[in-house]
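Me: I'd like a close look at one part of this model, please. Could you walk me through where two of its chains meet, and then point out some local details elsewhere?

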4 protein chains.
Amino acid sequence: MIESAKVAVVGVGNNTSALVQGLHFYRRTGSLVGIRRPEVAGLGVGDVDVVAAFAVSEGKLGRDLHEAIFEPPNNFPRLDADLPPSGVSVQRGLVDATEVDRVAQALKGAEVLLYSAPSGRLETARAYAEAALRAGVAFVNTTSDGVARDPSWVDRFEAAGVPLIGDDLASQFGSSVVHHALLRLLEERGLTLVSSYQVNLGGTEDFRNLVEHPNTKQRSKANAVGSDKVEMAPLGYLPHLGSQKIAHLNVEAQGWGGTALSLDVRLKVHDPSGAAGVNIDLVRMAAAALRAGRGGYLPEAAALLKSPPGTPI
Amino acid sequence: MIESAKVAVVGVGNNTSALVQGLHFYRRTGSLVGIRRPEVAGLGVGDVDVVAAFAVSEGKLGRDLHEAIFEPPNNFPRLDADLPPSGVSVQRGLVDATEVDRVAQALKGAEVLLYSAPSGRLETARAYAEAALRAGVAFVNTTSDGVARDPSWVDRFEAAGVPLIGDDLASQFGSSVVHHALLRLLEERGLTLVSSYQVNLGGTEDFRNLVEHPNTKQRSKANAVGSDKVEMAPLGYLPHLGSQKIAHLNVEAQGWGGTALSLDVRLKVHDPSGAAGVNIDLVRMAAAALRAGRGGYLPEAAALLKSPPGTPI
Amino acid sequence: MIESAKVAVVGVGNNTSALVQGLHFYRRTGSLVGIRRPEVAGLGVGDVDVVAAFAVSEGKLGRDLHEAIFEPPNNFPRLDADLPPSGVSVQRGLVDATEVDRVAQALKGAEVLLYSAPSGRLETARAYAEAALRAGVAFVNTTSDGVARDPSWVDRFEAAGVPLIGDDLASQFGSSVVHHALLRLLEERGLTLVSSYQVNLGGTEDFRNLVEHPNTKQRSKANAVGSDKVEMAPLGYLPHLGSQKIAHLNVEAQGWGGTALSLDVRLKVHDPSGAAGVNIDLVRMAAAALRAGRGGYLPEAAALLKSPPGTPI
Amino acid sequence: MIESAKVAVVGVGNNTSALVQGLHFYRRTGSLVGIRRPEVAGLGVGDVDVVAAFAVSEGKLGRDLHEAIFEPPNNFPRLDADLPPSGVSVQRGLVDATEVDRVAQALKGAEVLLYSAPSGRLETARAYAEAALRAGVAFVNTTSDGVARDPSWVDRFEAAGVPLIGDDLASQFGSSVVHHALLRLLEERGLTLVSSYQVNLGGTEDFRNLVEHPNTKQRSKANAVGSDKVEMAPLGYLPHLGSQKIAHLNVEAQGWGGTALSLDVRLKVHDPSGAAGVNIDLVRMAAAALRAGRGGYLPEAAALLKSPPGTPI
């Protein structure tokens with residue numbers, strides 16, 4: 001029987017809540033619902049153990065991980081009525097670069113460091129990468145901060161025989177995925193795109209941050225959809241949605257003889273589920289590669305990322 | 001400069017209206033809007049001439065094709081304010097098998113016979129195929145009546161060096177295409193389908209026939225979508241829709257940890273445009289193959305058909 | 001403190017399940033969620049006791065009412081994890097008119113007989129009305145079978161000082177209510193209706209019956225909406241919906257200068273909840289009137305019914 | 001036969017385009033499509049003549065009104081293929097208060113001044129009101145700038161026997177109207193509102209201004225809907241929509257026993273049509289009142305305004 005992957009997580013937000021609750025759910029039920037890859041290099045969905053967790057919010061520090069994930073502003077729903085204690089106590093995360101060694105020390109016993117903090121803190125992301133490198137632990141950067149797409153970082157991890165995965169996780173299912181698929185379908189069938197829009201509404205803290213600092217993300221969404229005829233409405237932060245995201249998509253096109261065709265879509269999905277459904281694959285890929293002695297870039301992870309190595313920073 | 005393909009059409013309904021109006025539109029404007037294949041074996045979209053037309057409705061017989069296409073119950077809209085006379089007078093179609101030779105005679109000068117009558121008249125479909133064979137004219141069967149998926153017909157056309165395309169045209173864009181794409185997308189991303197439905201509403205005479213004789217078509221739609229979890233609501237004939245079709249699709253699925261995800265789609269499209277956008281390719285394939293001396297089955301057409309040779313009758 | 005209304009129910013289907021589960025829910029929680037009239041003549045929502053229940057299905061006979069309501073094909077969801085036994089055992093209902101006296105006997109102690117069987121069994125409906133009359137128990141006919149709109153029945157109940165309410169309960173909230181409100185709004189604002197449609201999808205046994213015998217109901221729905229421009233698509237029985245109903249409404253209109261305006265609505269609602277939310281008011285009106293010695297027609301109930309006295313049979 | 005109302009307009013934007021094109025449309029066709037009040041005090045829809053027009057944009061000055069209305073950024077569609085010259089040349093509007101007399105002079109022959117400039121220029125609005133007062137011409141303020149809800153202005157107009165209508169036109173049909181109607185319907189039927197949102201997307205210059213200065217308008221929209229549970233998403237400026245507005249509304253509620261109910265609405269409407277459909281009534285009311293010697297406040301107009309006299313400034 002294969003040994004479970006040992007994962008440390010940075011950030012105890014909704015995405016971590018979804019991940020750790022889901023791990024319990026899959027172990028308890030044996031279900032494979034919503035799972036893209038039942039096995040990655042022999043590791044099943046339940047073969048992942050969270051062995052350490054880092055956060056900076058006072059309300060989470062020192063608490064059991066299975067309690068801290070329900071601390072506001074987290075609002076991902078409770079999947080199981082009863083979630084037993086995890087035995088993992090949330091540790092204080094990095095505040096400045098002088099603490100890299102402390103974190104590296106705390107990573108003893110871990111195989112993978114899953115960096116799942118909010119985007120937009122490049123120095124912090126790199127400090128954790130440095131700690132992982134020193135500890136010989138694979139690093140998975142799910143944020144848009146540039147680590148794995150900086151060739152010097154890839155080189156250092158490769159030289160050390162430690163895997164580096166990133167940057168910026170591509171959600172398992174969301175408005176970009178659906179919009180892109182519909183536009184590709186139109187193109188395949190020979191229809192002519194006239195106009196299109198996308199509205200995204202959400203209720204998480206992450207979403208609120210994006211609403212207040214919209215530029216980069218909205219631009220990258222337009223890229224993700226793959227057409228300059230798509231107009232992105234401003235993101236709407238609607239607290240009552242909780243961890244759900246609602247997207248309204250519209251596509252206006254022309255077919256034979258210029259006749260009109262329209263598609264209107266409403267998508268409702270839990271954003272943190274889309275992250276956890278990909279993170280489960282990334283951490284298994286990282287652990288398996290570490291065990292196999294493969295360092296640096298992992299090409300098998302590229303399709304699960306928005307900005308894999310090779311993307312401009 | 002390539003010589004235009006010479007096409008005779010059977011049936012002067014909405015699909016033929018869309019085809020002949022579109023041919024005028026594309027020649028007049030030089031546009032490629034809504035066109036999947038700008039060229040097929042060197043033939044452009046405008047390189048198709050309708051040289052004969054057959055119908056059985058008294059209101060259409062003897063009239064210029066460009067007038068007959070607007071005769072009720074046809075309700076495909078007028079694409080151009082002014083459509084000049086076509087010079088083609090609608091001829092009386094086959095009523096019984098004794099008339100095969102008359103039709104074969106009338107096909108002189110044509111390269112392709114596009115069979116675009118309502119589905120459900122197997123003997124008639126085969127009589128026209130027989131006439132095409134005798135006249136050395138390629139046969140395109142857009143109906144669900146079994147001609148090209150009967151191996152003995154393929155053999156006869158092949159022996160004669162005459163192309164045979166069929167059966168049952170797959171629309172360029174419609175509810176099956178979209179529904180199938182969404183379900184495939186779910187599967188690719190690892191989501192678990194819980195339930196799904198599809199409602200189709202339309203206002204054409206064809207639609208009214210389907211509403212009154214729903215079984216085969218609805219069953220084949222469920223097949224087209226590719227999942228037995230999809231429930232098909234009964235077709236709704238809503239006359240005010242005219243030649244438009246409206247479909248409501250719903251998909252309920254589960255992602256990571258069993259969390260819910262839903263997709264609701266409304267599609268609005270002109271049904272006859274979806275037919276004409278495929279017929280333009282089929283007739284060009286047929287004409288090119290005839291000129292190249294290729295008889296019988298044309299593999300390049302299979303992707304444009306619901307029941308190509310090899311499908312059970 | 002007011003004494004609870006004592007109600008006997010005929011039919012142990014989804015509507016009865018919603019009613020009795022809701023009574024428990026409101027007593028337990030003290031909530032007024034979804035309640036239109038917190039009090040009717042001093043009777044609160046919890047001031048209703050079900051004291052007898054009649055059914056004909058073998059699977060329900062002799063069982064406690066709180067178990068029998070979950071027997072298939074019932075599919076209204078369980079509102080409370082724990083529902084204690086009701087103490088009411090389901091009795092055999094009327095099979096023929098010779099049993100009127102037996103039922104009248106069994107109504108001892110009840111103040112109201114809520115007739116909540118499937119529509120379409122006129123003789124049965126009238127036999128229960130007869131039994132109620134003999135027992136001096138108010139009769140509430142929620143089906144479309146003509147009892148209260150037959151003046152001779154009103155006269156007999158009036159002469160006996162026993163209230164008679166009916167016919168055909170108007171749901172608290174459903175596609176007709178929404179569609180009617182939107183069309184009235186258009187009219188108030190001076191917009192011109194061009195076309196409109198309504199599609200109804202459901203998963204209950206009642207819905208299946210309607211799909212198989214569509215005529216009357218669909219016609220009455222078109223009436224309920226109040227415009228002959230509304231086209232009703234055929235009902236769709238989609239078992240996976242359970243007790244939920246989904247409606248798609250579309251309204252196309254013209255405003256100033258003939259410019260287009262469109263409204264598309266998707267409504268999702270539990271059908272039996274819409275019935276129970278009205279039945280709770282009808283049974284309280286009936287009990288209060290009986291106590292006050294008012295017999296026959298109750299004008300205060302007319303707005304809650306589709307076919308009150310005065311409507312043609 | 002009644003004499004037409006003589007109207008001068010300030011602002012040659014989309015709303016004026018809709019108004020003057022519509023006047024031509026209704027006179028030409030005799031239609032009453034989209035009209036709320038076929039007659040106001042004997043004045044039909046066609047009984048309105050635009051006799052003067054003021055603007056400040058260089059591209060519009062000196063041009064015939066029927067040309068100037070198509071000048072970008074105006075994007076209301078052309079209703080008639082041929083619109084004959086109006087004979088009214090666009091005059092230079094007020095730039096500062098010293099020009100009040102010039103404008104008053106230019107109002108000779110007019111009965112009503114329809115102030116239809118962008119909102120947010122209080123001094124300008126009041127300068128035009130002053131000019132109207134001096135010229136004895138009724139004043140209609142369609143903007144949110146406070147004129148008619150300032151009692152001192154009402155007093156001055158009343159003393160002069162000149163009607164004053166304002167402030168802030170309530171569109172004939174839009175997202176607030178629909179949202180408000182649905183929430184009122186829920187309440188009437190006893191459902192409990194859980195949450196609700198509204199997204200508004202538009203493509204006019206007005207819309208762009210609102211997107212850039214969102215606060216007041218969005219707040220007033222939430223008020224218009226009449227519930228503090230409604231969350232307003234930020235406005236989205238999508239140029240391709242032109243003068244159309246698209247709104248997505250969602251309502252989540254609870255019915256009997258707390259069961260869930262949801263409503264999703266998509267509304268598509270031409271914004272300037274909603275303004276013109278109300279302006280046609282306001283100018284007829286104003287002209288009729290002037291002729292009848294009624295000055296100051298006109299109570300019959302209050303229902304067509306968002307901020308009639310009595311509303312706080």
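How many residues does the contact take from chain B and from chain C?

Reply: Happy to. Please keep in mind that this is a predicted model.

The contact draws 21 residues from chain B and 21 residues from chain C. In chain B, the residues that lose the most area to chain C are Tyr197(B), Glu231(B) and His240(B), which together make up 35% of what that side buries. The size of an interface is often given as the accessible area lost when the parts come together. Here chain B and chain C bury about 1600 Å² between them, and 59% of that is on carbon and sulfur atoms.

Now for the polar side of this contact. Two salt bridges are counted between chain B and chain C. A salt bridge joins the side chains of Arg266(C) and Asp264(B), with 3.0 Å from N to O. Between chain B and chain C there are also eleven residue pairs in polar contact, counting pairs with both residues at pLDDT 80 or more. Four strands of chain B, namely β7 (192–202), β8 (230–232), β10 (244–254) and β11 (260–270), each supply at least two residues of the side that touches chain C. Of these, β7(B) gives the most to that side, with five residues. Sorted by class, the side of chain B that touches chain C holds ten nonpolar, six polar and five charged residues.

Staying with chain B, let's turn to helix α9. This helix covers residues 271–291, and at 1.5 Å a residue its 21 residues should span 30 Å; the end C-alpha atoms are 31 Å apart, which agrees. Of those 21 residues of α9(B), 18 are buried, so the helix is largely enclosed by the rest of the structure. After α9(B) comes Gly293(B), with a positive phi near 75 degrees.

The backbone has some further spots to look at. Most residues other than glycine have a negative phi, and most peptide bonds are trans. Against that background, Ala41(B) has a positive phi, near 50 degrees, in a residue other than glycine. Ala41(B) sits in the loop between α1 (14–29) and β2 (48–55) of chain B, and with a relative accessible area of 56% this alanine is exposed. In chain D, Ala41(D) has a positive phi of about 50 degrees although it is not a glycine. The loop that holds Ala41(D) runs between β2 (39–40) and β3 (43–44) of chain D. Ala41(D) counts as exposed, at 60% relative accessibility.

Chain C brings cis peptide bonds. One links Pro72(C) to Pro73(C), with omega near 5 degrees, and Pro73(C) is placed in the loop between α2 (65–68) and β3 (90–92) of chain C. The bond from Gly166(C) to Asp167(C) is cis as well, with omega near 0 degrees. Asp167(C) is found in the loop between β6 (163–165) and α6 (175–189) of chain C.

Finally, a stop in chain A. Leu241(A) belongs to the loop between β11 (236–237) and β12 (244–254) of chain A. With a relative accessible area of 7%, Leu241(A) is buried, since the cut-off is under 20%. Leaving out residues up to four places away in sequence, Leu241(A) touches Leu201(A), Gly202(A), Gly203(A) and Ile246(A). Gly203(A) is 38 residues from Leu241(A) in sequence, yet their C-alpha atoms are 4.8 Å apart in space.

Technical notes. Residues numbered from 1 in each chain as written. Chains lettered and ligands numbered in written order. Predicted model: local features only at pLDDT ≥ 70, side-chain atom pairs only at ≥ 80, totals over all residues. Heavy atoms only, no water. Expected span 1.5 Å × (residues − 1). Buried < 20%, exposed > 50% of the residue type's maximum accessible area, 1.4 Å probe, protein only. Contact = heavy atoms within 4.5 Å. Buried area = accessible area lost by both parts, 1.4 Å probe. Salt bridge = Lys/Arg side-chain N within 4 Å of Asp/Glu carboxyl O. Polar contact = N/O pair within 3.5 Å; in protein donor to acceptor, adjacent residues only side chain to side chain. Nonpolar A, V, L, I, M, F, W, Y, C, P; charged D, E, K, R; others polar.
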